[in-house]
Amino acid sequence: MSIGIIGAGGIGSAIARLLVGAGLKVVISNRRGPESLKQLVDELGANARAVSTKEASEAEVVFLAVNWSKIPAAVEELGPWNGRIVIDTNNPIEAPLFKPFPLNGKPSTQLIADMLPGAKVVKAFNHLSPALLESPGSEGGKRVLFLSGEHVDAKRKVVEMINLLGFHGIDLGDLEQGQLAQFPGGPLPGLNLVKHG
Ligand SMILES: NC(=O)c1ccc[n+]([C@@H]2O[C@H](COP(=O)([O-])OP(=O)(O)OC[C@H]3O[C@@H](n4cnc5c(N)ncnc54)[C@H](OP(=O)(O)O)[C@@H]3O)[C@@H](O)[C@H]2O)c1
């Protein structure tokens, strides 16, 4: 399964470290282009390659990890998605103001899905800091990650990946129910839950 990551900041690079650490290959992109990612891919090693955002978007599973206000520009020329999986790691709030963006009553991941027609969008990897994300197996157990989405087949693949990385995945249900893990608003973001046994 090919894996692309769009966004190489705190969350995108933490996810790249996790995937490479598990022996998986990744391609990763940012706004400034592959040259600017040389230090990161040197650190990640032979299983990582810096590419254009278009190339990263053509993987079978694509992580989207871009600041909320910059997502429309990041994705506007991507696609067709043809049923490929996009993992929405994003939260509708950003530094420096930390003022929530208006969602017009929709789940934030529904707004992402609306920008990616034909993609199977799964919300996951959005509720913990990059530092906690980078250590799935710690504190004597497996750190919990939540996922949600409308596509059962896509969620099955994502939860397999989550578990392979050493987390314990919990499916919250569809995107409406996934708002439990939406930040800001839901009760779950920031909770560092660890499953023992
Ligand atoms: N940080 C957290 O604690 C945290 C936790 C959970 C979820 N999240 C969510 O994860 C997402 C990413 O957050 P972050 O902390 O990783 O942000 P970040 O460190 O600021 O990184 C953002 C990344 O997005 C890239 N980007 C911006 N515009 C782009 C474009 N047009 N095309 C391609 N790439 C583009 C940036 O590239 P350049 O550097 O080249 O501009 C950068 O690599 C956000 O939606 C955030 O809400 C963050």
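**Labels and their cut-offs**

Mentor: Phenylalanine 125 is in the loop between strand S6 (120-124) and helix H6 (130-133). Helices (H or I, at least four residues) and strands (E, at least two) are DSSP runs, numbered from the N terminus. This is a predicted model, in which local features need pLDDT of at least 70 and side-chain atom pairs count only at pLDDT 80 or more, while totals for chains, interfaces and linings use all residues. Residues are numbered from 1 along each chain as its sequence is written.

Trainee: What is the phi of phenylalanine 125?
Mentor: Phi of phenylalanine 125 is near 60°, a positive value in a residue other than glycine. Most residues other than glycine have a negative phi.

Trainee: Which residue is joined to proline 80 by a cis peptide bond?
Mentor: Glycine 79 is, with omega about 5°. Proline 80 lies in the loop between helix H4 (71-75) and strand S5 (85-88). A cis peptide bond also joins alanine 95 and proline 96, again with omega about 5°. Proline 96 is placed in the loop between S5 and helix H5 (108-115). Most peptide bonds are trans.

Trainee: What makes the span of H7 close to the expected one?
Mentor: The expected span of a helix is 1.5 Å times one less than its number of residues. H7 has 13 residues and reaches 18 Å from its first C-alpha to its last, close to the 18 Å expected.

Trainee: Which residues of H7 are buried?
Mentor: Ala154, Lys155, Val158, Met161 and Ile162 are. They cover an arc of only 120° around the axis, so they are on the same side of H7. The arc is that of the directions from the helix axis to the C-beta atoms.

Trainee: Where do the buried residues of H7 pack?
Mentor: They pack against S5, S6, strand S8 (141-149) and strand S9 (168-173). Contact requires C-beta atoms, placed from the backbone, within 7 Å.

Trainee: How do you know whether arginine 156 is buried or exposed?
Mentor: Arginine 156 lies in helix H7 (residues 152-164) and has 11 C-beta neighbours inside 10 Å, so it counts as exposed. Val152, Asp153, Arg156 and Glu160 are exposed on the other side of H7.

Trainee: How many residues are in the largest nonpolar core?
Mentor: That core has 56 residues, and those with the most contacts inside it are Ile5, Ile15, Ile28 and Ile87. Helix H1 (residues 10-21) gives the largest share of this core, 7 residues. A nonpolar core is a set of buried Ala, Val, Leu, Ile, Met, Phe, Trp, Tyr and Cys residues joined through C-beta atoms within 7 Å.

Key: A residue is buried if 20 or more other C-beta atoms lie within 10 Å of its own, exposed if 12 or fewer, and partly exposed in between; C-beta atoms are placed from the backbone. Two residues are in contact if their C-beta atoms, placed from the backbone, lie within 7 Å.
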